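User: I am new to reading protein models. Please walk me through this one, feature by feature.

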Amino acid sequence: MNFQLSEEHQQLREMVRDFAENEVAPTAKERDEEARFDREIWDKMAELGLTGIPWPEEYGGAGFDYLAYVIAVEELSRVCASTGVTLSAHTSLAGWPVYKFGTEEQKQKYLRPMAEGKKIGAYCLTEPGSGSDAGAMKTTAVLDGNEYVINGSKIFITNGGIADIYIVFALTNPEEKTRGVSAFIVESSFPGFQVGKKEDKMGIRSSPTAEIIFDNCRVPKENLLGEEGQGFKIAMQTLDGGRNGIAAQAVGIAQGALDAAVEYAKNREQFGKPIAANQGVSFKLADMATAVEASRLLTYQAAWLESNGLPYGKASAMAKLMAGDTAMKVTTDAVQIFGGYGYTKEYPVERFMRDAKITQIYEGTQEIQRVVISRMLLK
Ligand code: CAA
């Protein structure tokens, strides 16, 4: 067993940290306030090869592994969780299903431009009436000649409106319920594709979240991903890995808050000494650092399992459960250490706290992670 990152992984971490601190962090506060996505940052990430880390070079990727990918999401999220999730949804939720289930033509046509960062990807599963109960979706896809006609609406779509390529789940056979779901690759330029309401959110404000409406949206037959009826399994398997991307985002947020709290505790003086000299503060920091490390280990383990072709669904759900709760606790404690200053927008910890909350909700709530983990334990 070896817990040390390889030289390549360490180099990647340094490169992404440098980029995050110099190119992402300076505008993170302002983008949060304005709820503004910055395409220029994305284009720079593409130039660095971050938009296709785990995909083979033949599909425009960097030919690296899932550990490298989660390290990148972590480092971006350490300064800006919005940038972290833009990359995570693009890679895990849109790139992965095309890589895993796409035909050679689909990979060249869709995975390559996504890996190269020329196109952004998104994943459309959730609907107004089906969140945790993903199988209760209502969106339909009916074959009409050489095209499927999709009708319905999807909500809370990360990268909604900025993405060019959407992985969409719809019922081709409603009577069969989850076995009647199929997956489609939908371009934003297809007729009948519409971007609906953009959400005004508590956190990850510079990551756009929007409703996507399919109004007789016509999708060529060859854009069916996998086989008819295989869609629910594609959706679930996609989330198995995607959840680890969110775990990485949560680890990054928690690390960012911990770093800020350590610095503040060393420099802030009260009662004639740094507040870190009080065990009430230093023990809190010790607990925060321990939880961050445990979350990181679970996240890296899940990524290592996936990179080595071993089962990773349970590990990924555990990582997301642990890291999401850690992010919420550590960011809340960081605000507490900062006291009144932490409650203001002068310091980043209030943003970290707002950003942390979503990691307990999306890609399956913490309650759904427990459903996934316990079902695997008990089966
Ligand atoms: N891998 C492969 N197949 C799977 C699977 C998996 N991980 N999980 C389930 N399946 C299969 C089952 O084997 C079953 O197959 P058969 O019909 O052949 O038996 C089928 O799928 C149905 O499974 P279940 O009966 O277990 O389905 P269920 O209705 O009980 O739901 C659930 C299971 C785990 C609760 C699921 O609905 C779920 O994960 N819900 C949460 C949804 C979610 O995470 N949404 C997040 C949206 S995306 C997002 O948040 C993105 C973002 O913004 C960044």
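User: How far is a nitrogen atom of the ligand from an N or O atom in the side chain of Asp-240?

Analyst: The distance is 2.9 Å. A polar contact is a pair of N or O atoms within 3.5 Å; within protein, one must be able to donate a hydrogen and the other to accept it, and residues adjacent in sequence count only if both atoms are side-chain atoms. Before we go on, note that this is a predicted model: local features need pLDDT of at least 70, side-chain atom pairs count only at pLDDT 80 or more, and totals for chains, interfaces and linings use all residues. Residues are numbered from 1 along each chain as its sequence is written, and side-chain values use heavy atoms, without hydrogens and water.

User: How many residues surround the ligand?

Analyst: A residue is near a molecule if one of its heavy atoms lies within 4 Å of it. Here 22 residues surround the ligand. The closest are Ser-132, Thr-158, Arg-179, Lys-233 and Arg-375. Lys-233 has a polar side-chain atom 2.7 Å from a ligand oxygen atom. For Arg-375, a polar side-chain atom lies 2.6 Å from an oxygen atom of the ligand.

User: At what angle do helix α7 and helix α8 pack?

Analyst: Start with the terms. Helices are DSSP runs (H or I, at least four residues), numbered from the N terminus. Axes are lines fitted to C-alpha atoms over the stretch in contact, and angles run from 0 to 180 degrees between N-to-C directions. Now the case. α7 (residues 231–267) and α8 (residues 279–307) pack at about 155°, with axes 9 Å apart. So α7 is roughly antiparallel to α8, a label for angles over 145 degrees.

User: Which kinds of residue make up the contact of α7 with α8?

Analyst: Contact means heavy atoms within 4.5 Å. In α7, the residues that meet α8 include Gly-241, Val-251 and Leu-258. The contact divides into 15 nonpolar, five polar and two charged residues. Ala, Val, Leu, Ile, Met, Phe, Trp, Tyr, Cys and Pro count as nonpolar, Asp, Glu, Lys and Arg as charged, and the others, Gly among them, as polar.

User: How do helix α9 and helix α10 pack, and at what angle?

Analyst: α9 (residues 313–338) and α10 (residues 349–358) pack at about 160°, with axes 8 Å apart. Therefore α9 is roughly antiparallel to α10. Nine nonpolar, two polar and two charged residues form the contact of α9 with α10.

User: What about α9 and helix α11?

Analyst: α9 and α11 (residues 366–378) pack at about 145°, with axes 9 Å apart. By class, that contact has seven nonpolar, four polar and four charged residues.

Technical notes:
Helix = DSSP H or I, 4+ residues; strand = E, 2+ residues; numbered from the N terminus. Parallel < 35°, antiparallel > 145°, perpendicular 65-115°, else oblique.
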